[in-house]
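Please keep the sequence and the model in view while reading.

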Amino acid sequence: MRRRPGLSVRLKLTLSYAGFLALAGALLLVVVWAFLLRYVPDNSQGLLGVSPNRYLLVRTFAPAAAAAMAFLLLFGLVGGWILAGRMLAPLRRITDAARSAGSGSLSHRIRMKGRQDEFRELADAFDTMLERLESHVAEQQRFAANASHELRTPLAISRTLLDVARKDPTRDRDELIARLQAVNTRAIDLTEALLLLGRSDRGHFTREDVDLSLVAEEAAESLLPLAERRGITLDVTGGPTWTTGSAELLLRMATNLVQNAVVHNLPAGGTVTVRTDAEGTTSVLRVENTGRRLPPELVPTLTEPFQRGAERARTEEHPGVGLGLALVHSVVRAHGGTLDLAARPAGGLLVTVRLPGAP
């Protein structure tokens with residue numbers, strides 16, 4: 001944005017310091033005149049015929065007062081310029097850091113030393129903002145790279161299948177159509193997940209009162225056939241647990257959690273427990289499942305987009321797109337909640353979602 005040139009803050013502060021100092025000197029002179037000179041007789045003999053009269057005192061006092069005022073003004077300008085420069089030095093460092101960040105250098109930090117004051121507080125807040133912004137940009141770049149890679153894979157497979165079919169007209173068309181349909185379905189699921197993830201990140205959705213217990217029951221009911229085919233016992237408990245948010249996004253969150261718990265479970269005989277509770281002003285959804293033991297260092301990375309645990313059991317029936325827990329984390333964050341993941345000692349995962357309760 002273009003602005004008309006104006007006085008710098010340092011010059012404004014300098015003029016303010018000098019002006020206040022000159023005003024204080026003028027007030028002091030007024031006080032001297034009002035409480036001293038007005039009591040001196042204004043006649044030729046002076047006070048008792050010995051002291052000088054007002055005329056002589058004024059002629060003697062006026063030049064000295066003018067010199068003092070000139071000195072105060074000069075001293076205020078010079079001292080104010082130096083003092084303003086020292087006071088604004090931290091602000092210059094913050095401005096340089098902001099310009100560096102504006103040019104794309106997010107790794108620069110101010111790290112201002114000294115005791116806590118307004119400028120140090122501003123510098124620390126700016127460093128924190130840069131740190132979060134750098135982390136967010138790096139995450140977005142990593143997400144974009146992974147997303148492009150994931151989207152490229154089904155398209156490459158589709159092209160390969162079409163090339164093979166063109167070169168081999170005798171190839172079974174039903175098999176080709178089935179494989180193309182599977183690849184196309186995966187690409188559609190990935191695209192829809194990316195769109196939903198972006199929507200939840202922006203927080204653009206209509207809020208309404210939602211009962212998490214009903215959401216959990218609906219998610220479990222939709223995934224019950226999958227659980228039965230895999231021999232997984234699915235148990236949903238809990239009373240009404242109200243929160244405020246998007247019913248669609250919260251249902252997708254619960255569905256992803258339950259599906260993740262069913263898919264990444266024991267080959268047979270596993271269990272999935274879904275519980276909803278109201279803890280004070282917080283609504284809690286817990287999804288716990290059996291499964292293989294997870295390394296502790298793997299758990300924090302599971303909410304990253306396209307992150308798949310190598311130690312976790314997978315199924316070709318629901319291979320996923322690597323956005324399940326990432327989408328859950330995004331939905332929870334958009335609703336002002338928290339997401340906690342903990343590896344169970346006996347194997348499996350415990351996922352706890354805490355959301356603000358409805359008024």
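**The sheet and its surroundings**

Five strands form an open sheet in the order β2-β4-β5-β7-β6, with mixed pairing. Its edge strands, each pairing on one side only, are β2 (233-238) and β6 (338-343). From one strand to the next the twist averages 10°. Strands of a sheet pair through backbone hydrogen bonds, either parallel or antiparallel. Here two strands count as paired if DSSP finds at least two bridges between them; helices (H or I, at least four residues) and strands (E, at least two) are DSSP runs, numbered from the N terminus.

The model is a predicted one, in which local features need pLDDT of at least 70 and side-chain atom pairs count only at pLDDT 80 or more, while totals for chains, interfaces and linings use all residues. Residues are numbered from 1 along each chain as its sequence is written, and side-chain values use heavy atoms, with hydrogens and water left out.

The protein chain as a whole has seven helices and seven strands. Along the sequence these elements follow the pattern α-α-α-α-β-α-β-β-α-β-β-α-β-β. Of its 359 residues, 33% are buried, where buried means under 20% relative accessible area, exposed over 50%, and partly exposed in between (1.4 Å probe, protein chains only). Among the contacts with a separation of 6 or more, 68% are between residues 24 or more positions apart; a contact means heavy atoms within 4.5 Å.

Strand β4 (residues 271-279) runs antiparallel to β5, and eight bridges join the two. In this pairing Asp277 stands opposite Val284 of β5. The hairpin of β4 and β5 has two residues between the strands, and Gly280 there takes a positive phi near 65°. Eight bridges also join β5 to strand β7 (residues 349-356), again in antiparallel fashion. Arg286 faces Thr352 in β7 across this pairing, and Ser283 stands opposite Leu355 in β7.

Helix α5 (residues 212-229) lies across β2, β4, β5 and β7, running at about 170° to β2. Helix α6 lies across β2, β4, β5 and β7, and runs at about 25° to β5. For these angles, axes are lines fitted to C-alpha atoms, for helices over the stretch in contact, and angles run from 0 to 180 degrees between N-to-C directions.

What lines the second largest cavity? The lining consists of Leu257, Asn260, Ala261, Val287, Asn289, Leu325, Leu349 and Val351. The elements giving two or more residues to it are α6 (247-263), β5 and β7, and α6 gives the most, with three residues. By type, the lining divides into six nonpolar, two polar and no charged residues.

Lastly, Thr303 lies in the loop between β5 and α7 (324-334). Is Thr303 buried or exposed? Thr303 is buried, with a relative accessible area of 18%. Not counting residues up to four places away in sequence, Thr303 touches Leu325, Ala326, His329, Leu339 and Leu341.

Methods: On a 1 Å grid over the protein atoms alone, a cavity is a set of points where a 1.4 Å probe fits but cannot get out, and a pocket is an open set with protein on both sides within 12 Å along at least five of seven lines; lining residues have an atom within 4 Å of a point. Ala, Val, Leu, Ile, Met, Phe, Trp, Tyr, Cys and Pro count as nonpolar, Asp, Glu, Lys and Arg as charged, and the others, Gly among them, as polar.
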